[in-house]
Amino acid sequence: MPSVGKPLPHESAVGHVTGTAQYIDDLPRREGELVVSFVGAPIASGRLQSIDLKAARAVPGVVCLLTHEDLGGPNHFGPIIVDEPFLVEDEISYIGQPVVVIGAESAEAARQARELVKLQCEQQTAVLTIDDAIKASSFIGPKRHMISPGAEDDQAFESAFDEAPHTLSGQFHSNGQEQFYFETQAALAEPSEAGTVKVISSTQNPTEAQAVVAEALGLGMHQVVCECPRMGGGFGGKETQSSLTAVMAALVARHTNRPARLVLDRGDDMRITGKRHQYQTDYRVAFDDEGNLLAAEFHFYSNGGAFADLSTSVMERTMLHADNAYFVPQMRVTGQVCRTNLPPNTAFRGFGGPQGLAVIESCLQEISRVVGIDAMEVRQRNLYCDGAPQRSVTHYGQIVRDHVLEEIFDQLASSSDYQRRLAAVDKFNASCATHVKGLAISPVKFGISFTTKFLNQANALVNVYTDGTVQVSTGGTEMGQGLNTKIKQLVADEFDLPIESVRLMTTSTEKNNNTSPTAASAGTDLNGAAALNACRTIIARMKQYAADLFANAERGLVASPEHIQIEGGYVFDDRVPDPARRIEFGEFCAMARRERVDLGARGFFATPGVDYNRETGRGNPFFYFTTGAAVAEVTIDRFTGELEFNRADLLMDIGKMINPGVDRGQVIGGFIQGVGWVTNEELRYDDTGQLLSTGPTTYKIPNVTDLPRELNVDFIANAKHQKNIRLSKAVGEPPLMLGLAVWLAARHALASIAGDQPINLAIPATGEELLMTMTNLTTASTAKTT
């Protein structure tokens, strides 16, 4: 009764569609529970001079008003660099930065108090953009460098550009992106005996929330338990930034000895939480007449916001993915995080990878125009070549092996009918005066593993009960991506039980300690492997007991664990064909317990072979790569800039799928989220640093009219992939980067207007951006001809 490889429904599917799946705001109100709110800083940069709480304290129903002075521990935290205050003490670093935490009997009382708190501030000049930060030398962390083998010598590197038949240089801009999870940041804190606290949090990182709450309250980690039943989406936005919400709820609970809940409304969530990082990249590339890359240099600058958060790690992954799927003989990459007066930016699906891929993909599209060779062919010529030592080493020294990039291009070109459609696009553009069409292909090579080595670990607790059912606890968190469903399938198959006999429990630091965040697309890889290790420990004990049980000296059967089978809900010795000698699994578990056989185990897994040296910029940061490609076709209205997404064809290598239905959903969802980033999703701030796009009316995530009119998704077999759990591959993040194909198709459409002019198109290519770019190209072309 194997379940792995079957498209079984998501374990919470019924709850999702009926509304019975509970999120933080749905949990029953606790006796005496308080509503938590906060007052944020009204300016982006300056100093807090005074706080007047007198009028707010007089509001009926207000129980407490707390400031940094009420913290039990230090007023600073940070996952990498400890530079962010829980509550403003003196210096104000962004609009909305929490200053005062409110605990009230009702939401209305909290709202009134929030309006009556008076903050006296001294305003200073804010640094809001990357250019502002560069000018002010306002940075987070040191500048990072990566230099490929062969590019160490300055003179030789410069000669590669001087002697190249062609070079390109310029500056590329990609904007940020809001995670826009359906459930906003939320936490419920409950005081327990002896000053301990339990926090139920919508978080991708329960261990981080546990540690940060303990630090803020002046407690030991053993005095704080963090639970995460499920999240209504995360996309990276709840990897670290859920901690501040948890701290504010826990602070109120600690001071009042009453349960306290904070659920941010959408506007507040968007105003104070970090986004995908905005990037500005200075680039230059050298190439020959055939479009082959000879050398490349990229200087990445990201807008990190006010504090470090995960920005330095995000930049590291950008630098590691600056090559995408292409071999560059000589390559230099630098990365610098800029400190600005915006909320600290953070993780978002792809974790810096999309910003790196976008630059080299834009360069290859422009190279195609310069050399007069179709962009697909240019890309194919530059792909990493498996088995060719000279064309399989990245700029950080890892060998790209066991991939099917060339096969993906060949199959996708055929299945998408690329050449015929390209000719049709050219014909359309030559004859239509009102619209232009574009067609493009874009690959992805995405490294799987945390680039910080110690995070590549997981533990799991598996308990088998005397009725033959199983409970599994891991450090992984379920945010809708299907992690728990996949682990259920893996565990069910390990015991050869129906999937209904396995239950995934609420993630809790009480059961799974020192866990890594559910991120980096590695949730199933890590937690699934740890769960299987626990299962195998239990099975080994079961088989030893069963071997002794089935041993029969008269029949010449000696105890032999290797002959014990656990199949189809029964335990038996395969040397005894008599069905009557089989024991039902639940009955066997009860017998084992009576004989004091331990039916519970803790499993642990650490990813092998990952070892990257940040000082040298060399090593193997990734266990393997997930690859794929997409072809996209678009039509753009020349008078309005409106983009219509005509068709998409996706092809991915994600190994042997544990759950094809879940994986297909991840591919489509990630792809469309990537399409949103490169087209309609635009973050807008005013000159003071105030976010203007604070909800779905002003921030446009993709809706049904933005989807491709035709969508084809397929998967390619890869017999060379022999790593990872059940020979599967991670699927969470890589598809997002295929959304770049839509942006490249828009760029291809503009090429029919541009002639021999370079095309400067930023991300996102909104209708306004497209219209302005077309207008500029047309104006320049007209001026040139006259």
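This is a predicted model: local features need pLDDT of at least 70, side-chain atom pairs count only at pLDDT 80 or more; totals for chains, interfaces and linings use all residues.
I looked up the strand order first. I found an open sheet of 3 strands, ordered β4-β2-β6, with antiparallel pairing. The edge strands are β4 (91-92) and β6 (118-123), and each of them pairs on one side only. I then followed the pairing of β2, residues 46-52, with β6: the two are antiparallel and share 6 bridges. In this pairing I noted R47, which stands opposite E122 of β6.

I turned to helix α10 (residues 353-371) and helix α18 (residues 740-754). They pack at an angle of about 30°, and their axes are 11 Å apart. Angles under 35 degrees count as roughly parallel, so α10 is roughly parallel to α18. The crossing of α10 past α18 is right-handed. On the α10 side I listed P354, L357, A358, E361, S362, Q365 and E366; they meet L740, W743, L744, R747 and H748 of α18. I sorted the residues of this contact into 6 nonpolar, 3 polar and 3 charged.

Next I checked helix α14 (residues 483-495) against helix α15 (residues 523-550). The packing angle is about 25° and the axes lie 10 Å apart. This pair is therefore roughly parallel as well. α14 passes α15 in a right-handed crossing. From α14 the contact takes in L483, K486, I487, L490, V491, E494 and F495. Its partners in α15 include G523, T524, N527, G528, A531 and L532. I counted 11 nonpolar, 4 polar and 3 charged residues in the contact of α14 with α15.

Definitions and conventions. Residues are numbered from 1 along each chain as its sequence is written. Side-chain values use heavy atoms; hydrogens and water are left out. Two strands pair if DSSP finds at least two bridges between them. Helices (H or I, at least four residues) and strands (E, at least two) are DSSP runs, numbered from the N terminus. Axes are lines fitted to C-alpha atoms, for helices over the stretch in contact, and angles run from 0 to 180 degrees between N-to-C directions. Angles under 35 degrees count as roughly parallel, over 145 as roughly antiparallel, 65 to 115 as roughly perpendicular and the rest as oblique. A crossing is left-handed if the near helix is turned anticlockwise from the far one by less than a right angle, and right-handed if clockwise. Contact means heavy atoms within 4.5 Å. Ala, Val, Leu, Ile, Met, Phe, Trp, Tyr, Cys and Pro count as nonpolar, Asp, Glu, Lys and Arg as charged, and the others, Gly among them, as polar.
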